[in-house]
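Thanks, everyone, for making the time. Today I would like to talk through the aromatic contacts in one structure, so please keep the view open while I speak.

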Amino acid sequence: MHNYSKEDFIKSLQKAGIEYGDTLFGHSNIGFFGRLEFAKNAQETCNLLLESIFSVIGSEGTLLLPTFSYSFSNKKSFNPKTTKGVGGIFSEYIRNLPQSRRSLDPSVSITAIGGKCEIFTSNMPVEVYGSKGFFGRLLKENVKTLNMNIDSATTFVHYAEKLLKVPYRFTKKFSGTIILNSKSYQSESHLWVRYRHPATSPRFENFDNLALKMNLVKKLNIGRGFISVMNISDQLRVVREGIDSDPWFMTCASEINEFPTIDEMINAEYIYSESKPSQNE
């Protein structure tokens, strides 16, 4: 017995506004959809979902998926061919396809498949959240976000926070080794991270609630789960709107009623760094 079909998925994509030629970026947890008709295992499910997406966006469309590894901040080397990402089953399935391409970013690499692979994977700068990095390119190309069983925010919101110069994040430099075609070389990764103070913990529910209130996200139920679709420029719009009314909008500061000063956040980061390895979100 199945919970949804390939046709159900295709119709939902179309109803959510996804069209031929679109470039899509998002996060996924496909298991929450339930059982897909005619799929006997996870690999067949991934294949049918991929076929469904490209039946809508076509040969000129592109699918971008996070294969983040945070290798350097975890004091590990990065090999684009073998280093596993933490983005879930679907992302890993795409990463291992021969026609996909992965960016050489030791922290937040993405895997692309489709017509615009080169635009989103080539010549990655060490400044991960800079205007010439992946997230800056998302905005320039005005892609659409497609989250599967995850609320509407994507990692792009951290780029939006940088554009808006939030006080609770800073650029932190990491270094390490990249292994490419059996050769090793040293590189850096400059991440836009949060101070390790409890008040800076991300709270994406705030984003999702405001996006729904502003009518900028389309959510459709599929099987036991759902998809959420937005324009990337609208993600920036939501973050700006939220921060204009509350500078701590994207954090849990209001929830715990604690609004630290810069000195307090720096001190918290120092204490954390002295006691644990660094891997700031």
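Let me begin with a term: a residue counts as buried when its relative accessible area is under 20%. Please also bear in mind that what you see is a predicted model.

With that cut-off in hand, consider Tyr-195, which is buried because its relative accessible area is 11%, under the limit of 20%. Phe-170 has a relative accessible area of 17%, so this residue counts as buried too.

Now for the pairs themselves, of which the structure holds 11, taking aromatic pairs as the category.

Phe-170 and Tyr-195, by contrast, form a stacked pair, their centres 4.4 Å apart and their planes at 25° to each other. This pair links distant parts of the chain, since Phe-170 belongs to strand S6, residues 169-180, while Tyr-195 lies in the loop between strand S7 (183-194) and helix H7 (204-213), and the two are 25 residues apart.

Which residues form one aromatic cluster? They are Phe-25, Phe-120, Tyr-129, Phe-134 and Phe-135.

Finally, there is a contact between a charge and a ring, in which the charged end of Arg-196 sits over the ring of Tyr-272, at 5.0 Å from the centre of that ring.

Technical notes:
Residues are numbered from 1 along each chain as its sequence is written. This is a predicted model: local features need pLDDT of at least 70, side-chain atom pairs count only at pLDDT 80 or more; totals for chains, interfaces and linings use all residues. Side-chain values use heavy atoms; hydrogens and water are left out. Rings of Phe, Tyr and Trp (its six-membered ring) pair if their centres lie within 6.5 Å; planes under 30 degrees apart count as stacked, over 60 as edge-to-face and the rest as tilted. Helices (H or I, at least four residues) and strands (E, at least two) are DSSP runs, numbered from the N terminus. Buried means under 20% relative accessible area, exposed over 50%, partly exposed in between (1.4 Å probe, protein chains only). A charge sits over a ring if NZ of Lys or CZ of Arg is within 6 Å of the ring centre and within 35 degrees of the ring normal.
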